[in-house]
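Q: I have a structure open and have not seen it before. Can you walk me through it?
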Amino acid sequence: MTILCVRFQLPPMYEAALPGLLGLLEEFTPVVEALPPDGALADLRGAERYFGRDAVGLASVIRVRALALHGVDCLIGAGPGPMLARVALRDARPGAPCAVPAGAAAEFLAEKPVAALPGVGTATARTLCAYGLDTLGRVAAAPLSTLQRLIGAKAGRELRERAGGVDRGRVVPNAVSRSLATERAFSHDEIDPGRHRRALLSAAEELGTRLRALDKVCRTLTLTVRYADRSATTRSRTLKEPTAHSAELTRAAYGLYEALGLQRARVRAIALRAEGLGPADQAAHQLTFDPADERARRIEAVADRARRKFGATAIVPGSLAA
């Protein structure tokens with residue numbers, strides 16, 4: 001095992017602690033990939049020999065240091081590749097890292113549901129389950145031609161490989177600062193989709209305001225939904241064009257939420273992250289000649305000026321919704 005997938009149990013609205021926690025991981029290896037809002041991948045090749053511990057042993061040290069230095073507990077999965085480490089994380093508990101057994105990746109995955117595999121969304125899982133391919137073991141044993149007919153040639157080939165324990169991924173060091181995030185926590189576990197959507201509206205407007213204040217646009221929007229059982233679902237969408245327009249961000253957030261198909265899920269918090277930030281003056285905007293869109297952009301500009309003059313509370317998030 002050389003890869004760790006770490007999820008820090010950060011309290012709501014405490015994402016600012018993530019860079020410091022990434023620094024803790026970088027004391028063990030320079031190859032750390034941030035997984036905002038609360039996670040990271042760490043490649044421990046070389047660290048195992050240097051510290052004289054295996055990945056599980058290093059995971060225990062990382063947890064102790066996170067608790068001692070930052071007061072934050074964490075869940076840790078370990079595996080020979082990033083994908084396997086992510087799957088192992090699902091079975092981890094505080095103080096009990098989960099590791100994929102050496103040379104037994106296929107057996108480890110066999111009984112897990114298809115949705116446990118990173119990258120398998122709700123629609124793909126539903127299609128596979130409709131044909132009895134409800135576990136990764138059954139997917140790995142299915143004829144390649146069947147999978148390709150169901151979900152496409154490339155996707156079918158990749159899914160069959162990954163379900164059989166083949167992990168070709170690698171940890172790509174990145175900077176958490178190339179993104180902005182915000183979170184809306186509920187006072188109690190919330191099942192009302194209307195309240196979920198209002199939280200998304202508020203979060204998208206905040207991201208848009210912060211992006212415009214920095215003269216930035218984003219290329220990708222990521223939604224994370226946290227549930228009452230401490231599990232979470234994360235989905236990302238690449239936008240049609242880089243934007244800081246609150247209405248566009250809101251539409252993308254609603255689309256990500258609807259694609260989850262939540263059925264009376266008990267939601268504890270909803271987080272949005274704008275990723276792939278770039279200078280606003282270098283982004284192209286396709287003219288729509290839509291009076292409503294142009295009006296919304298003018299209102300945004302007025303609201304931004306009011307915030308700069310009177311403070312962030314001058315405009316209440318959601319008050320400008322059409």
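A: Start with helix 9, where Gly156, Leu159 and Ala163 are buried. They span an arc of only 70 degrees around the axis, so they sit on the same side of helix 9. This is a predicted model.

Q: What covers the buried residues of helix 9?
A: The cover includes helix 5 (105–110), and also helix 6, helix 7 and helix 8 (144–151).

Q: How do helix 8 and helix 9 cross?
A: Their axes come within 7 Å and cross at roughly 130 degrees. That angle makes helix 8 oblique to helix 9. The crossing is right-handed.

Q: Which residues make that contact?
A: From helix 8 they are Leu144, Leu147, Gln148 and Ile151. Helix 9 brings Ala153, Ala155, Gly156, Arg157, Leu159 and Arg160. Two of these, Gly156 and Leu159, are among the buried residues of helix 9.

Q: What follows helix 9?
A: Glycine 165 follows helix 9, and its phi is positive, near 95 degrees.

Q: Let's zoom out. How many helices and strands are there?
A: The protein has 12 helices and 10 strands. It has 322 residues, of which 44% count as buried. Among contacts with a separation of 6 or more, 66% are between residues 24 or more positions apart.

Q: Which residues touch the most other members of the largest nonpolar core?
A: Phe108, Leu117 and Val139 do, in a core of 30 residues. Two or more residues each come from strand 1 (3–8), helix 4 (82–89), helix 5, helix 6 (122–130), helix 7 (136–141) and helix 9 (153–163). Helix 4 gives the most, with 6 residues.

Q: New topic: which residues are buried in helix 1?
A: In helix 1 (residues 18–26), the buried ones are Leu18, Leu21, Leu22, Leu24 and Leu25. Seen down the axis, they fall within an arc of 150 degrees, so they line one face of helix 1.

Q: What do they pack against?
A: The buried residues of helix 1 pack against strand 1, strand 2 (32–35), strand 3 (39–43) and helix 3 (55–70).

Q: At what angle do helix 1 and helix 3 pack?
A: The angle is about 140 degrees, and the axes are 11 Å apart. Helix 1 is therefore oblique to helix 3. Helix 1 passes helix 3 in a right-handed crossing.

Q: Which residues meet there?
A: Gly20, Leu21, Leu24 and Leu25 in helix 1 meet Ile62, Arg65, Ala66 and His70 in helix 3.

Q: One more. Where does threonine 2 lie?
A: Threonine 2 lies in the segment before strand 1.

Q: Is that residue buried or exposed?
A: Threonine 2 counts as buried, because its relative accessibility is 18% and the cut-off for buried is under 20%.

Q: What does threonine 2 touch?
A: Not counting residues up to four places away in sequence, threonine 2 touches Ala42, Asp43, Leu44, Arg45, Glu48, Gly79 and Pro80.

How values were computed: Residues numbered from 1 in each chain as written. Predicted model: local features only at pLDDT ≥ 70, side-chain atom pairs only at ≥ 80, totals over all residues. Heavy atoms only, no water. Core = buried A, V, L, I, M, F, W, Y, C linked by side-chain atoms within 4.5 Å. Buried < 20%, exposed > 50% of the residue type's maximum accessible area, 1.4 Å probe, protein only. Helix = DSSP H or I, 4+ residues; strand = E, 2+ residues; numbered from the N terminus. Arc of directions from axis to C-beta. Contact = heavy atoms within 4.5 Å. Axes fitted to C-alpha atoms, helices over the stretch in contact; angles between N-to-C directions. Parallel < 35°, antiparallel > 145°, perpendicular 65-115°, else oblique. Left-handed = near helix turned anticlockwise from the far one by under 90°.
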